Amino acid sequence: MTKDTNRIAGIGERIRVRLTLIEEALGMTLADPEIYSKFIASKAPEPDLSQEEVEAVEGIGQPEDQATVFPRTEDGVPFCWDYQIKGFFKDACSSLRRVPGTRSSKLTAFKKVIDGTIFVGPRVIPFELPEGASCGRCERPLRASTAMGERIALAASETVPAGTTLDFEVLVMNPKDAETVREWLDYGQLRGLFQWRNSGKGRFTWEEVED
């Protein structure tokens, strides 16, 4: 289908976002590509997507403690996937639906709306770290109550620091939902992206940028 015959071209509103972390963010991808391919990427709906994600973590070389990391571009730049931003939208909307007076509280079937009419691009969204900064590491205990009693394990994750930016675009096919997307982005100051966000990790501010 050529561009001039695409009947959905030009539909909706595009929001160009520059997101700036105010707290470090933690990687979510297992560093071991074999484990990742068997237990996570194998669930991808298309085999090509599975292989693409496995290749993005090969050769990162984290210690053998099953740390979670950020995938890398061919140039070694850490990035996040487009669907991780959509995952944040679902998390934000799910929480804000419980808050009277929010736009999210009026949105019905929100998961179908986000999956079917709200799109994030590009697929690979590189992190731009502050000048002179590098990725770090966050270790924290994980506690769980089991039949054998309290169990504690140590979790480790690669981090990108506060001040890191992400640039991406959100296509909102139904323009009436655009302000709801902006509401979710505003919520990022309180609850952030990726792992351990209950502790405040991954919180961010954002701004709309010109094309």
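Let me start with helix 4, where Phe 110, Val 113 and Ile 114 are buried. Buried here means under 20% relative accessible area, with exposed over 50% and partly exposed in between, using a 1.4 Å probe and protein chains only. These three residues cover an arc of only 95 degrees around the axis, so they sit on the same side of helix 4. The arc is taken from the directions that run from the helix axis to the C-beta atoms. The cover over these buried residues includes helix 3, strand 6 (118-121) and helix 5.

A word on the source. This is a predicted model, in which local features need pLDDT of at least 70 and side-chain atom pairs count only at pLDDT 80 or more, while totals for chains, interfaces and linings use all residues. Residues are numbered from 1 along each chain as its sequence is written, and side-chain values use heavy atoms, with hydrogens and water left out.

The protein chain has five helices and eleven strands. Helices (H or I, at least four residues) and strands (E, at least two) are DSSP runs, numbered from the N terminus. Of the 211 residues in the protein chain, 39% are buried.

Next, helix 3 against helix 4. Two packed helices are described by the angle between their axes and the distance between the axes. The axes of helix 3 and helix 4 (residues 110-117) come within 10 Å and cross at roughly 155 degrees. Axes are lines fitted to C-alpha atoms, for helices over the stretch in contact, and angles run from 0 to 180 degrees between N-to-C directions. Helix 3 and helix 4 are therefore roughly antiparallel. Angles under 35 degrees count as roughly parallel, over 145 as roughly antiparallel, 65 to 115 as roughly perpendicular and the rest as oblique.

Which residues in helix 3 meet helix 4? They are Lys 86, Phe 89, Lys 90, Cys 93 and Ser 94, and on the helix 4 side Phe 110, Lys 111, Ile 114 and Asp 115. Contact means heavy atoms within 4.5 Å.

Now helix 5. Helix 3 (residues 82-96) and helix 5 (residues 178-187) pack at about 90 degrees, with axes 9 Å apart. The two are therefore roughly perpendicular to each other. From helix 3, the residues that meet helix 5 include Phe 88, Phe 89 and Ala 92; from helix 5, Val 181 and Trp 184 are among those in the contact.

Last, Asp 82, which lies in helix 3. Asp 82 is buried, at a relative accessible area of 15%. Not counting residues up to four places away in sequence, Asp 82 touches Val 120, Pro 122, Arg 123 and Ile 125.
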